[in-house]
Amino acid sequence: MSKLLELKNISKIYGDLHALDNVSLDVDKGEWIAIMGPSGSGKSTMMNIIGCMDKPTSGQVIFDGKDISKESRRKLTEFHRDKIGLVFQQFHLINYLNAVENVMVAQYYHSMPDEKEALAALERVGLKDRAKHLPSQLSGGEQQRVCIARALINSPELILADEPTGNLDEKNENIVLDIFRQLHKEGTSLVVVTHDPEVGEVAQRIVRLEHGKIVSDKKNESFSD
Amino acid sequence: MNKKQKMFIRMVVASLVRRRSRMIVALLAIVVGATILSGLELIYYDVPRQMSSQFRSYGANVIFTPSGDDNIQREDLEKGISEFSSDEIEGYTPYRYENTKIHNMPATLAGIDFDSVLKTSPYWHISGNMPSGVGQALVGAKVAENLGIKQGDTVSAVNSFEVTEETDTSDIPAYEFYSDPESGELYCDHSLDLEVTGILETGGSEEEYIYVSLDDLTSLYLTDRGYDIVEVSAAAMQDRLSQVAETINSKSETISAKLVKRVTASESSVLTKLQSLVFIVTAVVLVLTMICVATTMTAVITERRKEIGLRKALGALNSSIIAEFMCEGLLLGGVGGILGSVLGYYFAQFVSMNVFSSSITFRPLLIPITIAASVLVTGLACLIPIKSAVEVDPALVLKGE
């Protein structure tokens with residue numbers, strides 16, 4: 001299977017703090033990886049670098065064969081807009097736009113907004129009937145599903161999720177994980193940053209970080225599609 | 001309009017409509033600023049007109065005198081007056097002076113139009129009543145004191161002249177004629193009885209005359225020889241008055257127009273100071289408005305930093321975010337400017353009625369100026385917080401740091 005993402009000897013240093021310390025990681029196309037670790041282990045830093053929202057102090061980030069570690073902020077923004085869909089722990093929906101408009105915002109910055117496509121994305125996460133509701137009228141689980149629909153709308157090569165079930169109850173957690181399973185089946189690559197073992201256990205591969213270093217990287221033997 | 005433009009409008013409208021309470025706070029700040037600005041602009045431009053009317057209580061500000069040996073005739077006077085626009089002329093009063101004798105004492109009669117004299121001399125204080133027609137007189141206080149005249153008296157003004165062949169004596173009673181016993185020449189003491197309706201007090205030289213109607217003077221002196229002087233009261237500033245005086249002087253061979261410098265110069269000086277004061281107040285209010293609007297817009301935009309971070313995380317370029325937020329700000333500025341223009345008129349009207357006791361003149365040109373100033377101030381006020389907000393790292397904002 002060809003590589004979608006390669007992190008080569010990545011370090012991120014803030015003053016004396018080595019948030020990431022000479023980390024290397026490959027992600028294959030269509031692979032589902034869980035990045036786990038305690039608070040302060042460097043998970044979020046790694047997510048920001050993979051999501052093109054931050055640059056490493058040293059090392060290379062190669063995405064789909066292209067070295068993006070030295071690109072300008074503007075190029076990185078354009079790159080992540082085209083290739084990556086983001087799912088946040090706190091959903092981050094725009095509170096004055098309804099569900100379908102929130103999905104269309106991602107289209108707006110990517111290419112051309114299309115309400116029918118946005119409604120189809122909401123239908124995919126089971127929320128078509130809630131399309132005209134404002135975030136304040138949706139439950140946490142529903143807001144997260146809108147967030148996922150927004151991440152999917154531009155058909156990204158990678159879904160990058162930061163603690164996607166951190167604010168959800170068990171029922172909604174299962175709904176979100178089922179959506180991830182479905183996406184994986186359809187060939188979407190997933191990188192899920194989490195400290196929740198239950199979320200990590202459903203991934204194809206589990207990478208553990210501690211103190212900015214990868215301490216384990218192994219396939220999940222219990223993984224099943 | 002393509003789908004992207006439609007989405008842009010949809011987002012801006014949603015932000016303005018669904019974040020109503022926040023937007024009303026911002027709009028209120030802009031409307032208050034625009035109202036005060038628009039009101040002060042109106043007052044600033046209306047001050048000369050208002051003050052010109054107020055200054056008319058100083059009396060006439062232009063004097064017409066004969067430019068040659070001939071007196072000013074009625075038709076020449078009307079031509080001269082026509083050089084002013086009709087709304088500039090507050091009033092004008094022609095004067096004709098003649099020497100007379102009253103109680104065998106010399107005095108000076110001034111023929112005037114009693115209906116118009118208070119427009120050019122509004123400061124006249126009359127004990128008694130203004131004469132209402134022929135056969136009545138208003139006596140200056142000094143003359144009254146010297147000759148012992150009181151209100152209600154009837155005095156006889158005498159015109160003594162030598163009767164020649166040209167003299168029309170048809171209306172003169174026979175008893176007024178007498179012959180000089182030495183030379184045998186014929187003389188006439190033509191007299192006119194005048195009822196004193198009031199005593200004039202001004203504290204000035206006006207108290208040295210006895211005022212009668214121009215018709216009485218014509219009948220006493222048997223001729224209408226025109227006017228010696230005309231006082232004009234015009235609601236215009238010094239530059240305009242100078243311009244009209246120059247025009248009259250160049251066009252008319254019989255009238256010499258002069259400005260009453262002590263009046264026009266003091267008007268000009270007071271007005272310049274007043275306008276400077278209003279200008280400074282307007283400038284200070286503009287600065288305070290900018291600070292107020294900037295503070296409000298900064299607060300409104302700062303609380304949306306997370307949204308800006310999210311938009312960046314979704315791939316928005318800085319220029320795109322600035323365009324969206326500026327569009328919202330400029331729309332608010334435009335709406336605030338329109339409302340401010342309307343409310344500013346009522347504000348100026350209120351001030352004008354209370355200070356000048358007259359209504360303000362509506363100036364349509366100030367509407368686009370107010371809207372443009374409102375949009376500009378709001379735009380500048382938004383630009384600084386937006387530019388600082390788009391520099392924020394989306395990763396930090398989304399993490400809530």
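**Ground rules.** I number residues from 1 along each chain as its sequence is written, and chains are lettered from A and ligands numbered from 1 in the order in which they are written. Because the model is predicted, local features need pLDDT of at least 70, side-chain atom pairs count only at pLDDT 80 or more, and totals for chains, interfaces and linings use all residues.

**Chain A, overview.** I looked up the secondary structure of chain A and found 7 helices and 10 strands. Helices (H or I, at least four residues) and strands (E, at least two) are DSSP runs, numbered from the N terminus. Of the 225 residues of chain A, 51% are buried, meaning 20 or more other C-beta atoms lie within 10 Å of a residue's own, with C-beta atoms placed from the backbone.

**Open sheet.** I traced 4 strands in the order β2-β1-β4-β5 of chain A, with antiparallel pairing. Strands pair if DSSP finds at least two bridges between them. The edges are β2 (17–28) and β5 (66–67) of chain A, each pairing on one side only. I then checked β4 (residues 58–63) of chain A, which pairs with β5(A) over 2 bridges. Phe63(A) has Lys66(A) as its bridge partner in β5(A). Helix α1 (residues 43–50) of chain A lies across β1 (3–14), β2 and β4 of chain A, at about 125° to β1(A). Such angles run from 0 to 180 degrees between N-to-C directions, with axes fitted to C-alpha atoms, for helices over the stretch in contact.

**Around β9(A).** I followed β9 (residues 205–210) of chain A next. Strand β3 (residues 32–36) of chain A runs parallel to β9(A), with 4 bridges. Here Ile35(A) has Val207(A) as bridge partner. Strand β10 (residues 213–219) of chain A runs antiparallel to β9(A), with 6 bridges. Arg205(A) is partnered by Lys219(A) in β10(A). In the β9(A)–β10(A) hairpin, 2 residues lie between the strands, and His211(A) takes a positive phi near 50°.

**Interface.** I counted 22 residues of chain B in contact with 24 residues of chain A. Contact means C-beta atoms, placed from the backbone, within 7 Å. On the chain B side, α1 (3–18), α9 (305–313) and α12 (394–399) each supply at least two residues. The largest share, 8 residues, comes from α1(B).

**Helix α11(B).** I checked α11 (residues 366–390) of chain B for a bend. A kink of about 25° lies at Leu383(B), shortly before Pro385(B). The bend is the angle between axes fitted to the seven residues ending there and the seven starting there.

Definitions and conventions
Two residues are in contact if their C-beta atoms, placed from the backbone, lie within 7 Å. A residue is buried if 20 or more other C-beta atoms lie within 10 Å of its own, exposed if 12 or fewer, and partly exposed in between; C-beta atoms are placed from the backbone.
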